[in-house]
Amino acid sequence: MVDSQYFLPNDIGISALDCTEAFRLLSPREKLYAHYLSRSAWYGGLAVLLQTSPESASIFVLLQRLFRKQPAAQLESMATAAGLSPEEYQAFLVYAAGLYANMGNYKSFGDTKFIPNLPKEKLKALVWQSQAFQDSPSEMEALWDSCSTLLFSLEDQQKQLGLGDKGVTTYFSGNCCLEDAELAQKFLDSKNLSAYNTRLFKNKSEEGKASYEVRLASAVQKGENCAVDGEGESRCGRYDFEDCVFMVSRGDYAYLMKKVSENLEKAKEHAANENQKRMLEEYAQSFTFGSIEAHKEGSRFWIKDKGPIVESYIGFIESYRDPFGSRGEFEGFVAVVNKAMSERFAKLVSSAEVLLPELPWPKDFEKDRFLLPDFTSLDVLTFAGSGIPAGINIPNYDDIRQSEGFKNVSLGNVLAVAYATQKDKLTFLDEEDKDMYIKWKGPSFEVQVGLHELLGHGSGKLFVQDEKGTFNFEQDNVRNPETGEQITTWYKGNETWDSKFSTISCSYEECRAECVGLYLCLNKHVLSIFGHEDEDANEVVYINWLNMVRAGLLGLEFFTPESKSWRQAHMQARFVILRVLLEAGEGLVTLKESTGKDGRPDALITLDRSKVHTVGKAAIERFLCKLQVIKSTADVEGGRALYEGYSAVSDTGSHNFLRLRETVLLRKEARKMFVQANTRVKGESVELVEYEGSAAGLIRSFTERFADDAEEVEAHLLELNKRDAPCWC
């Protein structure tokens, strides 16, 4: 029997993201702007297939060819002829929907592989029965042969994403290990090159020296050793570094980056203002030449574009899925501002300068000036990538965030459907808590997302000594509040938070932001901004804290005992917070193992609401201060000791977390998937094409997404995949 965690269940939740009204209210020009931005995002999002696993792109093309010839309803008769039961055919549809939703065959939330829940020979029989196979038998057979083994394989290393023997990654060639990643980061820092849009390939030795290729994502493939017209200074070329050879080259995902840039240029024709035009020019420059500096410049114009009707961002953004924590996964979103909801967030922004001093660290550890950002609630039209978050705080460039600002967005139509919970599927809570949890989960999560994004990710100073030796803090006067002593560590030169803290940076920062949310949601003024007063405010606080400790328990699903590693940054963060609150004692949080009504192992987690403002607040205050001091002072050693200590999952101590993990896996609920609309130019107008919230609807949305150039896109994807295939062995 294969462990059920590697299947997507047939009854998995699939919901359509509703943006009908938001799109209808756009002007014709705004609709065209949104359309071409969406096209750019969807083409770029295909790069995620190549960033996820060696087989993802081939599986994607296999599915596209099957369903372009025969929609799900038509293919069903072929499935019956091939001997599949209705349940097995539904399992195949769910698998296909899962691959599209995650842009690969590993879950975007948890990094675990998933395979079809039907026998391999039956899926092969279905492929052979299909119209696609009848039309092009040799091509379809070759495609099946290229991916079918890995499609079903669950060898230990292939069960999750990871570096070296810990899992699968295509950010690094198969012969790379942690030491190679660390060496490459040192090289990149020495050349002031960002890792965000790179992959690392270890080549055959040159004259006894280890040889590496750092490949930049770009449409341009030529000119390895010189600047290309329009690019400015080039970093491409051959370098000797620490008795190794590094070659910096262009051209990763070249075809896709070209399509991204072309559509950004088309969007520019319909931009609303000069900031949007300059932003799109710089983005196109970035994707054409592989320049993060150009992307940063585009991000500066994006920050200046205050309160747009159509909001967007695109690029190699989040580094969660790079096992080393430095390389960004491609994502692009296009959304329409929800004005009513955005008013609440605007009030929170205007209160930020009053709320920041409430955070539990000395003022020296806070930014010299809080740059008031945009904070809007958006209805997503397009979100291309491996998954859709509830909120975003971007850009991720430390130097811009610290001195020039950032934006926050809350994705309203995602929140509306992503976190709806049925009572019978609500695990590990007391019956008395369940009804209250269902009622207040949405409102409390809205508060948490707002605080997490704006004052969590938006707070805190990094102490830096730049390349000229200048400090951005008073070196002789700033004291560590934990020890009372002068600080002795800081960021130097080109070091960043991601490059310095690498493998723990993502989860640590999510933990810090979650703690800020818990801490500040206790503030009555914050709650009143969101319309919660008196007893309602108390319920929001209680459910927010209860949700956090429950999430910490659920987080155990994303821990891999064999490698002692975490596969999801946010869930690791929530487990750490659970550990901190359990450690606080005094009955604040209790976690007990039990036997359920079905006779199987169960657990119960409770929170004493009378102690949240006392014991709970004091525990989070102490921990949050430690997190910030370590981050500000670049204390990697102290940070690893603290964070990895709380992240440890064992069967010793007051709670047997390894056994609790088995219980969590036994009772877990699959994460929902979203069906997104397409846009289509018809004459001089743009129409919105929507789909039903089902596996078939999700599949159809993807087959129609690239309808105009499907064969060309698929051929290029296979070519890009084939080029690097030898690198993963």
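A polar contact of 2.7 Å links the side chain of Glu-514 to that of Arg-574. The model in which this pair occurs is predicted. Glu-514 belongs to helix α19, which comprises residues 497–520. Its relative accessibility is 5%, and Glu-514 is therefore classed as buried, the cut-off for burial being under 20%. When residues up to four places away in sequence are not counted, the contacts of Glu-514 are Gln-448, His-452, Met-548, Arg-574 and Ile-577.

One of these partners, His-452, also carries an annotation. In the unreviewed UniProt entry, the feature "binding site" is assigned to His-452, His-457 and Glu-510. Although these positions span 59 residues in sequence, no two of their C-alpha atoms are more than 8.4 Å apart, so the three gather at one spot.

His-452 is located in helix α18, formed by residues 431–456. With a relative accessible area of 6%, His-452 is buried. Neighbours within four places in sequence aside, His-452 contacts His-457, Glu-510, Ala-513 and Glu-514.

Glu-510, like Glu-514, is part of helix α19. Glu-510 is buried, at a relative accessible area of 5%. A polar contact of 3.4 Å connects the side chains of Glu-510 and His-457. Residues up to four places away in sequence again not being counted, Glu-510 is in contact with Tyr-320, His-452, His-457, His-570 and Ala-573.

Conventions
Residues numbered from 1 in each chain as written. Predicted model: local features only at pLDDT ≥ 70, side-chain atom pairs only at ≥ 80, totals over all residues. Heavy atoms only, no water. Helix = DSSP H or I, 4+ residues; strand = E, 2+ residues; numbered from the N terminus. Buried < 20%, exposed > 50% of the residue type's maximum accessible area, 1.4 Å probe, protein only. Polar contact = N/O pair within 3.5 Å; in protein donor to acceptor, adjacent residues only side chain to side chain. Contact = heavy atoms within 4.5 Å. UniProt positions renumbered as here; feature names shortened; annotations may be inferred.
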